[in-house]
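Please keep the structure open while reading.

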Amino acid sequence: QVHLVESGGGLVQAGGSLTLSCTASGSFRTPNTMGWYRQAPGKQREWLASVTSGGTTDYADSASGRFTISRDNPKKTIFLQMNSLEPEDTAVYYCNVGRTLANMVNPGRFGSWGQGTQVTVSS
């Protein structure tokens, strides 16, 4: 089973930036695809972005333009650079590990999640 630890969240004013980190350990496939998700209050968990071991990326409409996903393969870590944050971005942010870009889109495919990291954007 993969163990996932997200970090980097916090309180930021609208228009500000944050960079989130996620480190994977334990048992997971390699090569792989890693991705970011978020769950806002009263909402379902939604997919944001994914990146393969080779560096190919895929973004949801809600993340495209303001968010950038990247990874450090030796450190088994992915990052999410978030710019121009808005109050609507307030959520708990999670990461996960899968096989292909297509498999990452549906959060329901994953059997476990980390603790997540809280991002709160004030107006």
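## Thr33 and its surroundings

The side chain of Thr33 reaches the backbone oxygen of Arg99 at 3.1 Å, which falls under the definition of a polar contact, namely a pair of N or O atoms within 3.5 Å in which, within protein, one atom must be able to donate a hydrogen and the other to accept it, while residues adjacent in sequence count only if both atoms are side-chain atoms. The model is predicted, so that local features need pLDDT of at least 70 and side-chain atom pairs count only at pLDDT 80 or more, whereas totals for chains, interfaces and linings use all residues. Residues are numbered from 1 along each chain as its sequence is written, and side-chain values use heavy atoms, with hydrogens and water left out.

Thr33 lies in strand β4, where helices (H or I, at least four residues) and strands (E, at least two) are DSSP runs numbered from the N terminus. Thr33 counts as buried because its relative accessibility is 1%; buried means under 20% relative accessible area, exposed over 50%, and partly exposed in between, with a 1.4 Å probe and protein chains only. Leaving aside neighbours within four places in sequence, Thr33 is in contact (heavy atoms within 4.5 Å) with a set of residues including Ser50, Val51, Thr52, Arg71, Val97, Arg99 and Met104.

Strand β4 spans residues 33-39 and pairs with β5 in the antiparallel sense over 6 bridges, pairing being assigned if DSSP finds at least two bridges between two strands. Within this pair Met34 stands opposite Val51 of β5. The hairpin of β4 and β5 has 6 residues between the strands, and Gly42 there takes a positive phi near 75 degrees.

Strand β5, residues 46-52, is mostly covered, with 6 of its 7 residues buried. β5 also pairs with strand β6 (residues 57-59) in the antiparallel sense, over 3 bridges, and here Ala49 stands opposite Tyr59 in β6. In the hairpin of β5 and β6, which has 4 residues between the strands, Gly55 takes a positive phi near 100 degrees.

The model has 1 disulfide, defined as a pair of cysteine sulfur atoms within 2.5 Å. This disulfide joins Cys22 to Cys95 with an S to S distance of 1.7 Å, and it links distant parts of the chain, since Cys22 is in strand β3 (residues 18-26) and Cys95 is in strand β9 (residues 91-98), 73 residues apart. The torsion about the S-S bond of Cys22 and Cys95 is about 60 degrees, so the disulfide is right-handed. Cys22 counts as buried at 0% relative accessibility, and Cys95 is buried with a relative accessible area of 0%.

Leu4, found in strand β1 (residues 2-7), touches both Cys22 and Cys95, and its other contacts include Ala24, Val97 and Gly114, not counting residues up to four places away in sequence. Leu4 is buried, with a relative accessible area of 5%.

## Gln81 in strand β8

Gln81 is placed in strand β8 (residues 77-82) and is partly exposed, with a relative accessible area of 27%. The side chain of Gln81 makes a polar contact with the side chain of Thr19 at 2.3 Å. Gln81 and Leu18 are 63 residues apart in sequence but 6.1 Å apart in space, C-alpha to C-alpha.

## Salt bridges

Side chains of opposite charge can pair when their charged atoms come close. The structure holds 3 salt bridges, each being a side-chain nitrogen of Lys or Arg within 4 Å of a carboxyl oxygen of Asp or Glu. Glu46 and Arg38 meet in one of them at 2.8 Å, N to O; Glu46 is partly exposed, with a relative accessible area of 32%, whereas Arg38 counts as buried at 7% relative accessibility.

Asp89 and Arg38 meet in a salt bridge at 3.0 Å, N to O, a pair that links Asp89 in the loop between β8 and β9 to Arg38 in strand β4, 51 residues apart. Asp89, buried with a relative accessible area of 2%, also meets Arg66 in a salt bridge at 2.8 Å, N to O. Arg66 lies in the loop between β6 and β7 (67-72), so this pair with Asp89 ties together parts that are 23 residues apart in sequence. Salt bridges that share partners join Arg38, Glu46, Arg66 and Asp89 into one network.
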